[in-house]
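Colleague: Please put the model on the screen, and then I shall ask about it piece by piece.

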Amino acid sequence: MSKEEEVIVTAEGYAKLEEELKNLKGPKRKELAERLKLAISYGDLKENSEYHSAKDDQAFMETRIIVLEKMLTKAKVIDADNLNLDKVSVGSVVVLNDIEFSEKIEYRIVGPAEADVADHKISYESPLGKELMGKEVGSVIHVSAPMGIIKYELLEIKAD
């Protein structure tokens, strides 16, 4: 398996992907089958919006199942217990100081599959994530954003 094919995730992210797949293949598939059965009972499938909506949802769900199965097959799970806290890596929790606004911000560096900025999880492939990877405490990071360059000081690297 080449590096490009790997899907880097934390153990928590892997578990969430597994749970989503289990839910889609079980309860969600059954629920969608019931929706389709009901829509078919309305007759005339050509102009049956419930049927077409359910078929669209089914196609989306089956595609998501395939994507999740591939991701899980190619997953490289990061062991949080073996993190090197001297440098930022996937799985690290970083505490940053936004130099312009003097605000502390904390993010967990994760793989793209589990990134969620609202939950303070950023991908190592994001602009900030790329700049942080391999940096040490005390480093100043410059991130290009639509409003200009944002500067952060790396205050702390810790495990979750």
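Colleague: How many residues lie between strand 3 and strand 4 in their hairpin?

Modeller: Four residues lie between strand 3 and strand 4, and S102 in the turn has a positive phi of about 50°. This is a predicted model, in which local features need pLDDT of at least 70, side-chain atom pairs count only at pLDDT 80 or more, and totals for chains, interfaces and linings use all residues. Residues are numbered from 1 along each chain as its sequence is written, and side-chain values use heavy atoms, without hydrogens and water.

Colleague: In which sense do strand 3 and strand 4 pair, parallel or antiparallel?

Modeller: Strand 3 (residues 93–98) and strand 4 (residues 103–110) pair in the antiparallel sense, over six bridges. Strands here are DSSP runs of E with at least two residues, and helices are runs of H or I with at least four, numbered from the N terminus; two strands pair if DSSP finds at least two bridges between them. Within this pairing, L96 stands opposite I105 in strand 4.

Colleague: And how many bridges join strand 4 to strand 5?

Modeller: Three bridges join strand 4 to strand 5, and these two strands run parallel. The bridge partner of R108 in strand 5 is K121.

Colleague: What is the order of the strands in the open sheet?

Modeller: The sheet has five strands in the order 5-4-3-7-6, with mixed pairing. Strand 5 and strand 6 are the edge strands, each pairing on one side only. From one strand to the next, the twist averages 45°.

Colleague: Turning to strand 6, how does it run relative to strand 7, parallel or antiparallel?

Modeller: Strand 6 and strand 7 run antiparallel and are joined by six bridges. S144 has I149 in strand 7 as its bridge partner.

Colleague: Now the helices: at what angle do helix 1 and helix 2 pack?

Modeller: Helix 1 (residues 11–41) and helix 2 (residues 49–73) pack at an angle of about 160°, and their axes are 10 Å apart. Helix 1 is therefore roughly antiparallel to helix 2, the term for angles over 145 degrees. The axes are lines fitted to C-alpha atoms over the stretch in contact, with angles from 0 to 180 degrees between N-to-C directions.

Colleague: Which kinds of residue make up the contact of helix 1 with helix 2?

Modeller: The contact of helix 1 with helix 2 has 15 nonpolar, two polar and 12 charged residues. Ala, Val, Leu, Ile, Met, Phe, Trp, Tyr, Cys and Pro count as nonpolar, Asp, Glu, Lys and Arg as charged, and the others, Gly among them, as polar.

Methods
Angles under 35 degrees count as roughly parallel, over 145 as roughly antiparallel, 65 to 115 as roughly perpendicular and the rest as oblique.
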